[in-house]
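Reader: I am new to this structure and would like to learn how to read it. Please take me through it one feature at a time.

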Amino acid sequence: MTCFGKRIDGPGGRRRIKRRAVRIFGSAETANGTKLIVIKDLCLIGARLKGAGLPQPGEQILLRTGERSITGRIAWADRDHRGMIFG
């Protein structure tokens, strides 16, 4: 699953799975505590998160928005953005 969000035909091409731009506020729970996040986009296998102090790639998280939650792991990190793979 390390292909989350990667293009299949080079820059300017299409992604494997279509992302949907959203702006959903929630929280990311880790072994080190809870952080407030904004979900920037979603697809069937993951999400792009924005927030301060989020975990590093490979770490497990529990994403909560309202009454919904899903587990996953961080796939990549870029400053205050993270890619999360569900499951």
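Author: Start with open space. This is a predicted model, and its largest pocket holds about 170 Å³ of space.

Reader: How is such space found, and which residues line the largest pocket?

Author: Rolling a probe the size of a water molecule over the atoms shows where empty space is left. Here the lining of the largest pocket consists of Ile24, Ile39, Leu42, Leu63, Arg64, Thr65, Arg68, Ser69, Ile70 and Phe86. Two or more lining residues come from each of S2, S4 and strand S5 (68–78). Sorted by class, the lining has 6 nonpolar, 2 polar and 2 charged residues.

Reader: Next, the core. Which residues make up the largest nonpolar core?

Author: In soluble globular proteins, nonpolar side chains tend to be buried together. In this model the largest nonpolar core has 12 residues. They are Val22, Ala28, Ile37, Ile39, Ala47, Leu49, Leu54, Ile61, Leu63, Ile74, Met84 and Phe86. At least two core residues are supplied by each of strand S1 (20–30), strand S2 (33–42), strand S3 (46–50), strand S4 (60–65) and strand S6 (81–86).

Reader: Leu63 is named in both lists. What does Leu63 touch, leaving out residues up to four places away in sequence?

Author: With those left out, Leu63 touches Ile37, Ile39, Leu49, Met84 and Phe86, and also Ser27, Arg68, Ser69 and Ile70.

Reader: Now the charged pairs. How many salt bridges does the structure hold?

Author: There are 4 salt bridges. In one of them, the side chains of Arg19 and Asp41 meet at 3.5 Å, N to O. Arg19 lies in the segment before S1 and Asp41 in strand S2, so this pair ties together parts that are 22 residues apart in sequence.

Reader: Does Asp41 count as buried or exposed?

Author: Accessible area decides that, with buried meaning under 20% relative accessible area. Asp41 has 7%, so Asp41 is buried.

Reader: Which residue does Asp78 pair with?

Author: Asp78 forms a salt bridge with Arg79, where the closest N and O atoms are 3.8 Å apart. Asp78 is partly exposed at 41% relative accessible area, whereas Arg79 is exposed at 75%.

Terms used. Residues are numbered from 1 along each chain as its sequence is written. This is a predicted model: local features need pLDDT of at least 70, side-chain atom pairs count only at pLDDT 80 or more; totals for chains, interfaces and linings use all residues. Side-chain values use heavy atoms; hydrogens and water are left out. A nonpolar core is a set of buried Ala, Val, Leu, Ile, Met, Phe, Trp, Tyr and Cys residues joined through side-chain atoms within 4.5 Å. Buried means under 20% relative accessible area, exposed over 50%, partly exposed in between (1.4 Å probe, protein chains only). Helices (H or I, at least four residues) and strands (E, at least two) are DSSP runs, numbered from the N terminus. Contact means heavy atoms within 4.5 Å. On a 1 Å grid over the protein atoms alone, a cavity is a set of points where a 1.4 Å probe fits but cannot get out, and a pocket is an open set with protein on both sides within 12 Å along at least five of seven lines; lining residues have an atom within 4 Å of a point. Grid points are joined across faces, edges and corners, and a volume is the space filled by probe spheres set on the points. Ala, Val, Leu, Ile, Met, Phe, Trp, Tyr, Cys and Pro count as nonpolar, Asp, Glu, Lys and Arg as charged, and the others, Gly among them, as polar.
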